[in-house]
Amino acid sequence: MVNINGTLISYYFICKTKLWLFANRINLEDNSEDVRIGKVLHEINEQKSKKAEISLDNIKIDKVTKEYIVELKKSDSDPEAVKWQLLLYLYKFKQRGIERKGRIEYHEKNHAPTPQIVELDEENEKELLEILHQIEELVQKPTLPTPPTPKFENKCKKCAYYEYCFI
């Protein structure tokens, strides 16, 4: 069984090739400037906040308040991926009897929308469980010893895996 974390569920929506590579421990993100910027922003936020990043199982949550589980992002470039990442966190908390709403906050305030509120209801919980199942199948499929064929999109140019996939 795959221990699915926020990164894997996010990659499910961003790129199945990236998901497969990362899940199979092929990590090219250490070379990415965007990833470094995201890590620095998390470190700055952690220093500012008394409510530092929280680890639960295999996930890291940026902030938890009395009402919200908060996910901080550099930009709103992949809102659907962030939404499902946060729904995974809400689900993990719910499994422990802790009910919260989710809140997505963006650092690029000039271009980002106002914070988005996400709630885990029956419908999206059911869909989340199906997504988790699909991720497990994709990663563990014995007939898939290589990653899925990448599909080029404009966002690929900024991806840490770009050279691996297209050069």
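1. Start with Lys63, which stands opposite Val70 in β4. Next to that pair, Val64 has Ile69 of β4 as its bridge partner. Strand β3 and strand β4 (residues 68–73) pair in the antiparallel sense, over two bridges. Two strands count as paired if DSSP finds at least two bridges between them. The two form a hairpin, with three residues between them. As background, strands of a sheet pair through backbone hydrogen bonds, either parallel or antiparallel.

2. A quick word on what you're looking at. This is a predicted model, where local features need pLDDT of at least 70 and side-chain atom pairs count only at pLDDT 80 or more, while totals for chains, interfaces and linings use all residues. Residues are numbered from 1 along each chain as its sequence is written, and side-chain values use heavy atoms, with hydrogens and water left out. The pLDDT is the predictor's confidence in each residue, from 0 to 100. The chain averages 83, and 80% of the residues score at least 70. Helices (H or I, at least four residues) and strands (E, at least two) are DSSP runs, numbered from the N terminus.

3. Now the sheet. Four strands make an open sheet in the order β3-β4-β5-β6, with mixed pairing. At the edges sit β3 (63–64) and β6 (116–118), each pairing on one side only. Helix α4 (residues 79–95) packs on the sheet and touches β3, β4, β5 (101–106) and β6; its direction makes about 150° with that of β4. Axes here are lines fitted to C-alpha atoms, for helices over the stretch in contact, and angles run from 0 to 180 degrees between N-to-C directions. Contact means heavy atoms within 4.5 Å.

4. Back to β4, this time from its other partner. Six bridges join β4 to β5, and these two run parallel. Lys73 stands opposite Tyr106 in β5. β4 is mostly covered: five of its six residues are buried. Buried means under 20% relative accessible area, exposed means over 50%, and partly exposed is in between (1.4 Å probe, protein chains only).

5. Have a look at Gln116 in strand β6. Gln116 counts as partly exposed because its relative accessibility is 27%. Leaving aside neighbours within four places in sequence, Gln116 is in contact with Lys83, Gly102, Arg103, Ile104 and Tyr106. The C-alpha atoms of Gln116 and Gly102 are 8.1 Å apart, though 14 residues separate them along the chain.

6. Asn5 is worth a stop too, in the segment before α1. With 18% relative accessibility, Asn5 counts as buried. A side-chain oxygen of Asn5 reaches to within 3.1 Å of the backbone nitrogen of Thr7, at the start of α1. The Asn5 side chain also reaches the backbone nitrogen of Leu8, at 2.9 Å. Leaving aside neighbours within four places in sequence, Asn5 is in contact with Asn58, Ile59 and Leu88.

7. Finally, the inside. In α1, seven of the nine residues are buried, and the buried ones pack against α2 (16–23), β2, α4 and α5. The largest nonpolar core has 33 residues, of which Ile9, Ile61 and Ile135 touch the most other members. The largest share, 10 residues, comes from α4. A nonpolar core is a set of buried Ala, Val, Leu, Ile, Met, Phe, Trp, Tyr and Cys residues joined through side-chain atoms within 4.5 Å.

Notes:
Polar contact = N/O pair within 3.5 Å; in protein donor to acceptor, adjacent residues only side chain to side chain.
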